[in-house]
Amino acid sequence: MSGTSTSNQGAASSHNTGSSAGDTVDAASQRAFDSMAQYLQAELEASGSDLTLLEKLNDASIEKYEGLSRQAQDMLVHAYKVKQTYNEMKAQVAEVDSLAESVDNLEQVALELDRYSVQLEAKFQKLLK
């Protein structure tokens, strides 16, 4: 009996050693899984932060380009008004050019009349003598 009790103790002892080794493997596995879970959680949080940042950048870009779009539209309206004013002034400039040409013609006529009046005065003075 003592042989059986020794062999039972040996079996129990080897079972305890196996259990201790199993516990060590289980604990190491648990730590590995916990570390992996922490790593994955950190990666997910980092990805979430990246996506939040991208969303903020997109919102800022949208706001910036909406402002640029409004400025471009305002510039188009202003350019249209400038073109309209130019077209209106074009007719007035043509009228001013026409008036300037008429003034030049009148000046030529006035010079000719002045010359003619000088000639007439000379003839009149000749007739008076």
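Biologist: Is D59 buried, partly exposed or exposed in this model?

Modeller: The model is predicted. D59 lies in helix α1, which covers residues 2–128. Its relative accessibility is 43%. Buried means under 20% and exposed means over 50%, so D59 counts as partly exposed.

Biologist: Which residues gather with D59 in a patch of negative charge?

Modeller: The patch is on the surface. A residue needs over 30% relative accessible area to belong to a patch, and D59 has 43%. The residues that gather with D59 there are E55, E63 and E66.

Biologist: Which residues make the nonpolar surface patch, and what is its area?

Modeller: L57, one of its members, is found in helix α1. At 46% relative accessibility, L57 counts as partly exposed. The patch is made by L51, L53, L54 and L57, and its area is about 400 Å².

Biologist: What share of the residues in the protein is buried?

Modeller: The protein has one helix and zero strands. Of the 129 residues, the buried share is 1%.

Definitions and conventions
Residues are numbered from 1 along each chain as its sequence is written. This is a predicted model: local features need pLDDT of at least 70, side-chain atom pairs count only at pLDDT 80 or more; totals for chains, interfaces and linings use all residues. Side-chain values use heavy atoms; hydrogens and water are left out. Patches are made of residues with over 30% relative accessible area and no salt bridge: like charges are joined within 9 Å, nonpolar side chains (Val, Leu, Ile, Met, Phe, Trp, Tyr) within 5 Å. Accessible areas come from the Shrake-Rupley method with a 1.4 Å probe; for residues, only the protein chains shown count as cover. A salt bridge is a side-chain nitrogen of Lys or Arg within 4 Å of a carboxyl oxygen of Asp or Glu. Lys and Arg count as positive and Asp and Glu as negative; His and the chain ends are not counted. The place of a charge is taken as NZ of Lys, CZ of Arg, CG of Asp or CD of Glu. Helices (H or I, at least four residues) and strands (E, at least two) are DSSP runs, numbered from the N terminus. Buried means under 20% relative accessible area, exposed over 50%, partly exposed in between (1.4 Å probe, protein chains only).
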